[in-house]
Amino acid sequence: MCATKTADIEATVAQASSLAAAGAAVVRIAVDNAREAQSLAAIRERSAVNLSVDLQENYRLAEDIAPWVDKIRYNPGHLYHHEPQRAWQDKVRWLADVAARHDIALRVGVNCGSVDPAKRDRFPSGDSLGPMLASALEHCDLLDGLGFRRYCVSLKDSDPAKVIEVNGRFAAARPDVPLHLGVTEAGMPPQGILKTRTALMELLRRGIGDTIRVSLTVPNARKPEEVLAGKQILDDVAADRFPTAADFGSQRLNIISCPSCSRVENEAFVELAQQVHEITRPWAEYPITVAVMGCRVNGPGETDDADLGLWCGPNFVNLKRDSRSLGAFPYTEILPRLQAELKDIVRGIGAGPPRPLDGRGAGGEGGPE
Ligand code: SF4
């Protein structure tokens with residue numbers, strides 16, 4: 001996926017080309033407004049690769065986007081924002097009509113952090129996969145009923161075990177529907193690659209999945225690494241090389257971070273995610289989840305399951321602990337505040353001192369008390 005500003009045609013074409021050169025068969029671009037939609041004609045003209053557009057809240061942009069791309073991804077969990085009085089079924093009907101007229105595909109992209117609230121309310125609070133699955137299946141039924149067949153589905157979570165579970169259940173229910181696989185907010189390499197390998201290789205081994213994406217928090221110039229990691233996964237599946245099971249977060253520190261896209265609100269995001277990794281190392285042995293997101297569109301929802309969640313604004317970083325907002329902090333102040341919250345959480349856990357890492361003791365600079 002391109003992480004450049006979509007209206008920056010030069011940069012977006014260059015990034016799409018670099019992803020295609022690395023082996024990407026489909027390149028996704030985020031479009032949130034009319035100006036970005038207008039950029040697509042020029043991007044199309046200069047890019048031979050299949051283009052997919054990521055729609056979030058403004059589903060009406062589909063009409064302007066469709067002539068220039070091969071696929072539109074819509075998120076069922078974002079359809080209710082615009083024109084809330086209009087039923088989601090009507091909106092999907094309209095999207096399917098636009099896609100059919102322009103002979104392009106749709107992806108029903110369900111994401112753990114932005115599930116349709118109406119579906120969430122129908123399931124117990126601890127069941128995060130039931131609403132995702134119900135949402136995907138309902139959209140499939142609707143599209144089938146409309147006679148629209150050029151669609152695929154994705155069900156993404158940041159926990160590889162949940163990705164395996166929910167995609168396995170979907171494939172059992174709808175083996176006829178193509179599945180796009182991915183672990184969302186997998187974070188930085190090498191951990192992000194390991195998480196993705198764990199989920200995707202297990203699913204692919206079972207014959208589940210038709211396309212894949214590796215999402216990594218890396219600077220723009222390194223985005224082709226996502227494609228290379230994906231190709232390595234496919235090569236390893238073909239050669240029967242499978243990873244051993246790994247624990248991601250239930251027993252130790254788990255950092256999840258989004259891969260960034262054109263919606264990132266401050267270019268310092270990737271550096272911030274790297275710094276969060278570095279300063280949290282003393283807490284590596286504690287069962288704490290820290291989420292770092294690049295924007296206000298998905299940041300609040302995607303950090304819901306984390307103990308500490310950060311998401312970027314243009315000048316401030318928002319911080320929350322569980323569901324409680326702790327405020328917005330300047331980029332220069334957020335890391336000390338994060339450390340203070342980590343110390344406080346560890347005090348609450350009442351655990352003993354963490355295992356020394358790289359020769360540093362538990363009480364080292366910035367470590368837990
Ligand atoms: Fe893009 Fe925001 Fe998602 Fe990050 S959290 S990938 S910036 S939409």
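1. A residue is counted as buried if 20 or more other C-beta atoms lie within 10 Å of its own. This cut-off is applied here to a predicted model, and by it L106 is buried, because 25 other C-beta atoms lie within 10 Å.

2. L106 belongs to strand β4, which covers residues 105-111. When neighbours within four places in sequence are left aside, the contacts of L106 are K71, I72, Y74, L95, A96, A99, R150 and Y151. Q15, by comparison, stands 91 residues from L106 along the chain, and the C-alpha atoms of the two are separated by 23 Å.

3. Strand β4 is part of an open sheet of 7 strands, which are arranged in the order β1-β2-β3-β4-β5-β6-β7 with parallel pairing. The edges are taken by β1 (26-31) and β7 (211-213), each of which has a single partner strand, so one side of each is left without a neighbour in the sheet. From one strand to the next, the twist of this sheet averages 25°.

4. Another open sheet has 5 strands in the order β8-β9-β10-β11-β12, and here the pairing is mixed. Its edge strands are β8 (254-257) and β12 (324-330); each has a single partner strand, and therefore one side of each lacks a neighbour in the sheet. The twist in this case averages 15° from one strand to the next.

5. Strands β11 (residues 316-321) and β12 run antiparallel and are joined by 6 bridges, with L319 standing opposite G327 in β12.

6. Two helices deserve a look alongside this sheet. Helix α10 (residues 269-279) packs on the sheet and touches β8, β9 (289-293), β10 (308-312) and β11, its direction making about 165° with that of β9. Helix α12 (residues 334-349) also packs on the sheet, where it touches β10, β11 and β12, and its direction makes about 10° with that of β11.

7. Which residues come nearest to the ligand? They are C258, C261, G294, C295 and N298, out of the 13 residues around the ligand. Sorted by class, the shell around the ligand consists of 7 nonpolar, 4 polar and 2 charged residues.

Key. Residues numbered from 1 in each chain as written. Predicted model: local features only at pLDDT ≥ 70, side-chain atom pairs only at ≥ 80, totals over all residues. Near = placed C-beta within 6 Å. Nonpolar A, V, L, I, M, F, W, Y, C, P; charged D, E, K, R; others polar. Pairing = 2+ DSSP bridges. Helix = DSSP H or I, 4+ residues; strand = E, 2+ residues; numbered from the N terminus. Axes fitted to C-alpha atoms, helices over the stretch in contact; angles between N-to-C directions. Contact = placed C-beta atoms within 7 Å. Buried ≥ 20, exposed ≤ 12 C-beta atoms within 10 Å, placed from the backbone.
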